[in-house]
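Subject: Handover of a structure and findings

Dear colleague,

Please find below the structure that I am handing over to you, together with its sequence. My findings follow directly after it.

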Amino acid sequence: MENIKIESLRPGPDLEKLVKIQKAVWKHKDIDLTPVHHFHISIKTGSILLGVYVDGILAGFVYSFPAVFASKWAQHSHLLAVLPEYQGRKLGKMLKWAQRDRALELGYDLVTWTFDPLQSRNANLNLHTLGAEVKSYLPDFYGDTASLQIAQGLRTDRLFVEWKIKEDRVACLSGGEIKNRDTTELALALERSSLEDGPFHPSKPCLSLNAGRLGVEIPRDIFRFGSLPGIVGQWQNALKILLEHYLSRGYRGVDFVFGERCFYILEKRVMSGFKDKK
Ligand SMILES: CC(C)(COP(=O)(O)OP(=O)(O)OC[C@H]1O[C@@H](n2cnc3c(N)ncnc32)[C@H](O)[C@@H]1OP(=O)(O)O)[C@@H](O)C(=O)NCCC(=O)NCCS
């Protein structure tokens with residue numbers, strides 16, 4: 001049986017392996033990698049840097065640093081990576097739960113991060129498995145950085161998520177409780193234009209809904225359209241219009257359905273002092 005351990009990473013040869021892991025996972029150019037000296041100073045200044053070891057081999061890591069958003073202290077989780085040959089074996093999930101444990105020990109109640117809204121597996125991990133919530137849409141967040149584009153020449157749009165690590169529902173998920181996906185009474189704000197297999201387009205975003213819960217479809221595997229940046233761009237634009245609209249009107253992304261078809265679930269929250277802009 002494999003011996004799996006999660007440990008805090010300290011200055012030494014393992015920090016150099018973090019650069020190799022980034023290269024293997026993201027295939028980024030050197031200029032886009034987080035360097036060893038950055039991890040050194042981060043360890044000294046309140047960051048959480050954890051590695052997962054499988055039979056003594058460093059197979060992945062998670063890295064977050066202290067941050068302040070809207071006057072609230074948080075750990076902002078900037079990198080989560082598992083080597084391709086170790087992916088799909090629960091290591092990513094273990095790293096995130098260990099990050100939560102460490103953040104709680106340090107007195108935090110919030111962990112934040114960003115991810116590309118068109119990456120369905122990550123949406124599933126973040127919203128369904130971990131119980132984080134989508135708070136806002138960040139258009140072209142990293143600017144014109146080719147390695148962070150979902151397809152060549154597109155914007156680096158990101159969703160900003162909040163992981164409220166002290167909340168009961170997150171605590172239940174950490175204990176292995178399975179979250180039921182409630183898809184009842186879901187009004188569809190965006191869906192694929194055709195049920196045919198193949199490179200399908202998004203429908204026109206519907207901005208006039210007022211239901212308590214909305215479904216927003218994305219392709220199950222956007223990388224299938226990799227050679228067709230035009231279609232990826234259509235999905236990116238449709239999502240931007242739609243998510244900016246509803247997130248600014250009190251909706252939050254609260255879950256994700258990963259199946260033959262994939263959907264974000266948005267839920268309307270009552271916001272104090274919030275006025276509908278319509
Ligand atoms: C994202 C990443 C760290 C996940 O690590 P992993 O060890 O492969 O993932 P796990 O086996 O722990 O799975 C964790 C969750 O991810 C999602 N997931 C993983 N594989 C999936 C798949 N094939 N289909 C759908 N969801 C999937 C699920 O929510 C899963 O939770 P579950 O097992 O309870 O269903 C890893 O795939 C990776 O390094 N990807 C590239 C880097 C990256 O995208 N990082 C940013 C993440 S926000």
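In what follows, Ala, Val, Leu, Ile, Met, Phe, Trp, Tyr, Cys and Pro count as nonpolar, Asp, Glu, Lys and Arg as charged, and the others, Gly among them, as polar. Please note that this is a predicted model.

On that basis, the shell around the ligand divides into eight nonpolar, eight polar and four charged residues. The ligand is surrounded by 20 residues, of which the closest are Q87, G92, K93, L125 and T129. Three elements, β4 (72-82), α3 (91-105) and α4 (120-129), each supply at least two residues of this shell. The element that gives the most is α4, with seven residues.

Turning to the overall fold, the chain has six helices and 11 strands. The radius of gyration of the chain is 19 Å, which agrees with the value near 19 Å that a compact globule of 278 residues would have. Along the principal axes, the C-alpha atoms of the chain fill a box of roughly 55 × 45 × 40 Å. Of the 278 residues in the chain, 28% are buried. Among contacts between residues at least 6 apart in sequence, 66% join residues at least 24 apart.

The interior may be of particular interest to you. In soluble globular proteins, nonpolar side chains tend to be buried together. Here, the largest nonpolar core has 57 residues, and those with the most contacts inside it are F61, V216 and L242. Helix α6 (residues 229-247) provides the largest share of this core, namely seven residues. Beyond its neighbours within four places in sequence, V216 is in contact with A189, L190, L242, F263, Y264 and L266.

Y246 also lies in helix α6. Is Y246 buried or exposed? Y246 is buried, because 22 other C-beta atoms lie within 10 Å, and the cut-off for a buried residue is 20 or more. Not counting residues up to four places away in sequence, Y246 touches A189, L214, Y251 and L266. Between the C-alpha atoms of Y246 and V270, which are 24 residues apart along the chain, the separation is 13 Å.

Strand β10 (residues 251-257) is mostly covered, with six of its seven residues buried. Over six bridges, β10 pairs in the antiparallel sense with strand β11 (residues 262-268), and F256 stands opposite Y264 in β11. The two strands β10 and β11 form a hairpin with four residues between them.

Strand β3 (residues 57-69) pairs with β4 in the antiparallel sense over 10 bridges, and A74 in β4 is the bridge partner of A67. The hairpin of β3 and β4 has two residues between the strands, and A70 takes a positive phi near 45° there. In β5, T112 is the bridge partner of H76.

Yours sincerely

Key:
Residues are numbered from 1 along each chain as its sequence is written. This is a predicted model: local features need pLDDT of at least 70, side-chain atom pairs count only at pLDDT 80 or more; totals for chains, interfaces and linings use all residues. A residue is near a molecule or strand if its C-beta atom, placed from the backbone, lies within 6 Å of it. The radius of gyration is taken over C-alpha atoms; the globule rule is 2.2 Å times the number of residues to the power 0.38. A residue is buried if 20 or more other C-beta atoms lie within 10 Å of its own, exposed if 12 or fewer, and partly exposed in between; C-beta atoms are placed from the backbone. Two residues are in contact if their C-beta atoms, placed from the backbone, lie within 7 Å. A nonpolar core is a set of buried Ala, Val, Leu, Ile, Met, Phe, Trp, Tyr and Cys residues joined through C-beta atoms within 7 Å. Two strands pair if DSSP finds at least two bridges between them.
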